[in-house]
Structures are given as C-alpha cells and as structure tokens.
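Reader: I'm new to reading protein models. Can you walk me through this one, one question at a time?

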Amino acid sequence: MFYNSIFLLIIASQIIFSQNFWQKTSFPSGTVNNSVYSMLSVNNIVFAGTFTMGIYKTYDNGNSWVLSGLESQWIKDLKKDNNNNLYALSTGSNFGSCLFKSTDNGSNWTRIWERQGGFNCLYIDPNNNIYIGLQFFDGQGGVFKS
C-alpha cells in the first residue's frame with residue numbers, strides 16, 4: 001500500500017511539472033532590435049528594455065505593449081528607487097552611455113548622466129544611492145556612485 005502511494009505521487013508530480021506553463025505575450029518581435037535585455041515591474045506595470053527599440057510597457061499582463069520612450073536606445077538595465085522613480089541605463093545611437101530617470105511611470109524620461117564609456121549595470125541601494133558599473137573604456141572602468 002505504501003509503495004503504491006509513493007508510485008502514484010511520483011506519477012502525479014511528473015504530470016503536473018511536465019506541463020508547459022509558458023506562453024508568449026504580444027510583445028513586438030521579429031528582429032534582433034526587439035531583443036529584451038532588462039525588465040522591471042512597478043505598480044502592476046511591466047517594463048521591458050530592448051536593444052535599440054527603447055522601453056515598452058504593458059498594463060495588462062502582456063496582452064498589449066506600448067512604447068514608453070528612449071527609442072534607438074539599448075536599455076541595458078532598469079531599476080526603481082524607494083520613491084518609485086524609474087531609472088534606465090542605456091547605450092544609444094543618439095548619445096553615449098546614459099542614465100535616464102522617470103518620475104511618472106515611464107511616460108517621460110530625463111537624461112541625468114552621460115559618459116562616453118559603456119555602462120554595464122545599475123544598482124540602487126535602500127538609501128537611494130545609485131551605483132553604475134562601467135566597462136573598461138579609455139583607461140577607465142569600475143563602479144561610480146551618485
């Protein structure tokens with residue numbers, strides 16, 4: 001009896017966990033430009049940072065996506081601070097590497113720091129200090145802090 005129960009449990013768990021629960025959203029795709037490099041969720045809005053297509057956002061769990069700005073920017077990282085301000089770290093065709101900030105859920109973006117060297121990653125600590133990791137460029141790399 002004991003072995004029959006274990007056998008049924010193993011079979012049931014394999015059936016449950018072998019199901020395909022992943023489904024594609026309506027996110028625009030079809031070219032390398034639509035590659036997604038970063039994602040962030042704030043106030044039930046999901047943001048997706050792309051390679052040279054800017055930032056898209058969805059209000060309805062991925063059923064529809066709208067452009068949220070920073071077109072032609074490669075969005076490498078997205079973060080938020082304790083006040084729900086959004087930050088986008090980018091390398092773009094219009095600028096060098098930039099840090100952008102939005103105070104209105106991504107409707108508008110303001111460039112707050114720009115460098116020629118490549119930005120790689122972004123971290124915001126619990127005190128809202130901003131850290132940016134740079135790739136080696138022109139003799140400099142490392143981590144910068146606001």
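Reader: How many bridges join β7 to β8?

Author: Strands here are DSSP runs of E with at least two residues, helices are runs of H or I with at least four, and both are numbered from the N terminus. Two strands pair if DSSP finds at least two bridges between them. Strand β7 covers residues 97–102 and β8 covers residues 110–115. They run antiparallel, and the number of bridges joining them is five.

Reader: Is L99 buried or exposed?

Author: Buried means under 20% relative accessible area, exposed means over 50%, and partly exposed is in between (1.4 Å probe, protein chains only). Strand β7 is mostly covered, with five of its six residues buried. L99 has a relative accessible area of 4%, so this residue is buried.

Reader: Which residues does L99 touch, leaving out those up to four places away in sequence?

Author: A contact means heavy atoms within 4.5 Å. One of the residues touched is A88, which is 11 residues from L99 in sequence but 5.8 Å away in space, C-alpha to C-alpha.

Reader: What does the side chain of D104 reach at 3.2 Å?

Author: D104 sits in the loop between β7 and β8, and its relative accessible area of 29% makes it partly exposed. A polar contact is a pair of N or O atoms within 3.5 Å; within protein, one must be able to donate a hydrogen and the other to accept it, and residues adjacent in sequence count only if both atoms are side-chain atoms. The D104 side chain makes such a contact with the side chain of S102 at 2.9 Å. At 3.2 Å, what it reaches is the backbone nitrogen of S107.

Reader: How many salt bridges are there, and which residues form them?

Author: Side chains of opposite charge can pair when their charged atoms come close. A salt bridge is a side-chain nitrogen of Lys or Arg within 4 Å of a carboxyl oxygen of Asp or Glu, and by that rule the count is two. One joins R111, partly exposed at 39% relative accessible area, to E114, partly exposed at 35%, with the closest N and O atoms 2.7 Å apart. The other, at 2.9 Å from N to O, joins K79 and D77.

Reader: Is D77 buried or exposed?

Author: Its salt-bridge partner K79 is partly exposed, with a relative accessible area of 26%. For D77 the relative accessible area is 12%, so D77 is buried.

Reader: Which backbone oxygen does the side chain of S38 reach?

Author: S38 is found in strand β1, residues 36–42. With 7% relative accessibility, S38 counts as buried. Beyond residues up to four places away in sequence, S38 touches F47, A48, G49, I75, K76, D77 and L78. At 3.3 Å, its side chain reaches the backbone oxygen of I75.

Reader: In the open sheet that holds β1, which strands stand at the edges?

Author: Four strands form this open sheet in the order β1-β2-β3-β4, with antiparallel pairing. Each edge strand has a single partner, so one side of each is left without a neighbour in the sheet; these strands are β1 and β4 (66–67).

Reader: Last one: which element has the lowest mean pLDDT?

Author: pLDDT is the predictor's confidence in each residue, from 0 to 100. The chain has a mean of 85, with 82% of its residues at 70 or more. Where pLDDT is low, the predicted coordinates should not be read in detail. Strand β3 (residues 55–58) has the highest mean among the elements, 96, while the lowest, 57, belongs to helix α1 (residues 2–17).

Note on methods
Residues numbered from 1 in each chain as written. Predicted model: local features only at pLDDT ≥ 70, side-chain atom pairs only at ≥ 80, totals over all residues. Heavy atoms only, no water.
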